[in-house]
Amino acid sequence: MVAALFAAAACRPPAGAPPETRSVAARAAAHFPEGWRFASGGGASFAADAMVSSNSELASRAGVEILKRGGNAVDAAVATGFALAVTHPAAGNLGGGGFMVIRMADGRNAAIDYREIAPLAATRDMYLDSDGNLTDKSVIGPLASGVPGSVAGMAAALAKFGNLPLKEVIAPAIRLARDGFVVDSALYRSLRGSSRKITRFDGAAVFFPGGEPVKPGTRLMQPALARTLQAIADKGPDAFYKGPIADSIAAQMKRDGGIITKADLAAYEPKWRTPIESSYRGYSIIAMPPSSSGGITTVETLNILETFDKLPPFGSAEYDHLVVEAFRRAFIDRNTRLGDPAFVNVPIAELTSKSYAKELASTIKADQASRTPSFAASAREPMHTTHYSVADSKGNAVATTTTINSSYGSGVYIGGVGIFMNNEMDDFSAQPGHANQFGLVQGEANAIVPGKRMLSAMSPTVVLDPDKNLFLVIGAAGGPTIITATTQIILNTIDNHMTLADAMRAPRLHQQAWPDSVFYERGGIAPATLDSLTAMGHRFGERGSIANSNGVMRVEGGYMGLSEPRSSGGAVGY
Ligand code: DON
């Protein structure tokens with residue numbers, strides 16, 4: 001389908017070196033453009049047994065605490081997830097949703113989808129005004145929320161693959177909420193950046209005492225959240241979906257004009273999915289299927305790139321050109337054909353097939369950018385999601401991405417429960433053919449229907465080396481840049497032989513088909529390369545930084561872990 005949009009063209013770099021088969025072998029320092037903000041050859045955390053990497057060092061420590069108590073990677077991931085809801089409230093959550101990809105060392109792979117769903121009273125045009133114009137109600141306020149899935153999803157993952165009871169795994173999060181933790185400058189800056197949104201709703205009392213964000217160095221206590229976590233620990237997820245917590249959420253929704261009811265909460269169910277399993281140059285890719293687009297789009301891109309025997313050198317115009325043309329093609333499919341598989345027929349096998357990728361690759365011209373129809377679009381809100389990666393001493397691995405969509409979600413804070421509600425409804429095509437807050441233009445497959453999951457870009461991914469040993473646990477935050485950043489980190493480790501530290505510090509590009517622009521990080525493309533790409537017909541947009549990733553990579557004798565060098569967090573191991 002996408003191939004038909006582009007005239008076939010030949011672009012075959014000469015057949016070169018054999019497919020890369022080194023996995024944990026030594027890696028040379030990468031070559032970054034002069035003036036790029038990070039030096040190559042930098043460090044990451046090393047640990048012999050296990051590693052947790054997230055956007056909050058305290059949450060990573062919660063995971064490590066659980067590992068040391070006999071938990072496995074799934075126990076640790078769930079502990080980290082609950083702790084993130086306390087220490088990283090911009091994105092960590094109980095009021096949102098997420099996706100988890102699990103690789104057990106015994107060879108079992110699993111994926112759980114705990115994406116939010118549209119409330120039963122949702123309607124296709126609920127975000128249009130009487131003139132048919134898109135309002136901001138999918139982004140801010142009580143109508144913006146889908147029915148949260150995080151509590152049910154994490155509990156289900158734990159029940160199936162964990163070693164420890166929920167009570168034990170939630171304990172570090174309860175402690176952090178009840179006894180508090182010391183606010184750091186990252187949390188302070190994040191709150192300050194979203195002050196207009198948060199102070200419109202009930203979160204002001206917790207996070208803006210006296211009208212100012214909680215100051216670095218002070219202790220933040222969240223007693224309502226501690227009570228909520230304790231209730232979940234004591235009674236399981238039903239406490240959230242059916243008990244007094246559900247009453248509080250439904251009552252506040254009703255009071256403020258939202259539509260989520262107790263019936264919506266009681267009906268929520270996470271879904272076990274068959275993970276997308278594919279290969280790339282002999283490595284195995286285990287990725288998230290719909291309702292996330294992450295796995296299909298990553299695999300489609302990698303399959304296109306795999307048709308080239310060897311990629312041009314990292315940072316060259318030829319390399320960037322191939323990578324963005326592959327992304328363009330994969331995103332056209334993503335934005336037009338993917339949606340919740342309970343509502344639309346997603347041709348997963350076709351889109352992830354090697355033959356389809358060959359067809360798409362044949363339309364890439366060696367020295368000329370393709371064109372996709374362009375729509376003007378821009379981001380309206382600071383965005384926030386959070387990815388965390390865990391690997392344990394047995395080689396079990398968990399990649400999880402979770403979100404309330406924008407930073408602090410819809411802004412709505414359920415005071416009695418101590419949680420921010422998501423604004424995930426904006427991930428639907430609120431008006432098919434028009435851009436959402438990430439500039440994503442999507443079609444009918446992702447239109448709003450009650451009970452439907454909105455299409456996500458979240459891409460938690462586990463990569464195995466050619467011997468089927470754990471190699472990389474990766475994923476990111478950043479809307480559609482999640483897919484492109486995750487894919488580029490995989491390329492950096494496999495094709496470009498980078499260490500985890502360099503793979504994550506390397507400059508990132510982004511192309512999502514619409515708008516027809518290559519976004520790049522300031523200083524991330526050498527001027528001469530930019531000139532060559534411009535001559536090929538690529539159009540550009542510069543960004544301060546692209547995506548937010550937390551990764552773990554297996555190396556000789558243990559694991560390397562790194563939290564996003566462009567942001568805050570911590571990789572902790574032992
Ligand atoms: O599911 C999605 O694709 C979006 N809700 C993710 C939003 C996001 O990554 C914002 N963050 N940085």
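The questions and answers below go through the ligand site and some local backbone features of a predicted model.

Me: How are residues numbered, and which pLDDT limits apply?
Reply: Residues are numbered from 1 along each chain as its sequence is written, and side-chain values use heavy atoms, with hydrogens and water left out. In this predicted model, totals for chains, interfaces and linings use all residues, side-chain atom pairs count only at pLDDT 80 or more, and local features need pLDDT of at least 70.

Me: How many residues surround the ligand, and which are the closest?
Reply: A residue is near a molecule if one of its heavy atoms lies within 4 Å of it. The shell around the ligand holds 16 residues. The closest are Thr385, Glu424, Asp427, Ser456 and Gly479.

Me: How is the shell around the ligand made up by class?
Reply: Ala, Val, Leu, Ile, Met, Phe, Trp, Tyr, Cys and Pro count as nonpolar, Asp, Glu, Lys and Arg as charged, and the others, Gly among them, as polar. On that basis the shell has three charged, six nonpolar and seven polar residues.

Me: What distance separates a nitrogen atom of the ligand from the side chain of Glu424?
Reply: A polar contact is a pair of N or O atoms within 3.5 Å; within protein, one must be able to donate a hydrogen and the other to accept it, and residues adjacent in sequence count only if both atoms are side-chain atoms. A backbone N or O atom of His384 lies 3.1 Å from a ligand nitrogen. A backbone N or O atom of Ala457 lies 2.7 Å from a ligand oxygen. For an N or O atom in the Glu424 side chain and a ligand nitrogen, the distance is 2.6 Å.

Me: How much of the accessible area of the ligand does the protein cover?
Reply: Accessible areas come from the Shrake-Rupley method with a 1.4 Å probe; for residues, only the protein chains shown count as cover. On its own, the ligand has 340 Å² of accessible area. The protein covers 96%.

Me: Which element gives the largest share of the shell around the ligand?
Reply: Strands are DSSP runs (E, at least two residues), and helices are runs of H or I (at least four), numbered from the N terminus. Strand S10 (383-391) and strand S11 (397-406) are the elements that give two or more residues to the shell. The largest share is three residues, from S10.

Me: Is Ser389 buried or exposed?
Reply: Ser389 is found in strand S10. Its side chain makes a polar contact with the side chain of His387 (2.9 Å). A polar atom of the Ser389 side chain also lies 3.1 Å from the backbone oxygen of Val473. Buried means under 20% relative accessible area, exposed over 50%, partly exposed in between (1.4 Å probe, protein chains only). Because its relative accessibility is 0%, Ser389 counts as buried.

Me: What is omega for the peptide bond that joins Trp514 and Pro515?
Reply: Pro515 is found in the loop between strand S17 (509-510) and strand S18 (518-521). The bond from Trp514 to Pro515 is cis. Its omega is about -5°.

Me: What is phi of Ala513?
Reply: Ala513 is found in the loop between S17 and S18. Ala513 is buried, since its relative accessible area is 0%. Phi is positive in this residue other than glycine, near 75°.
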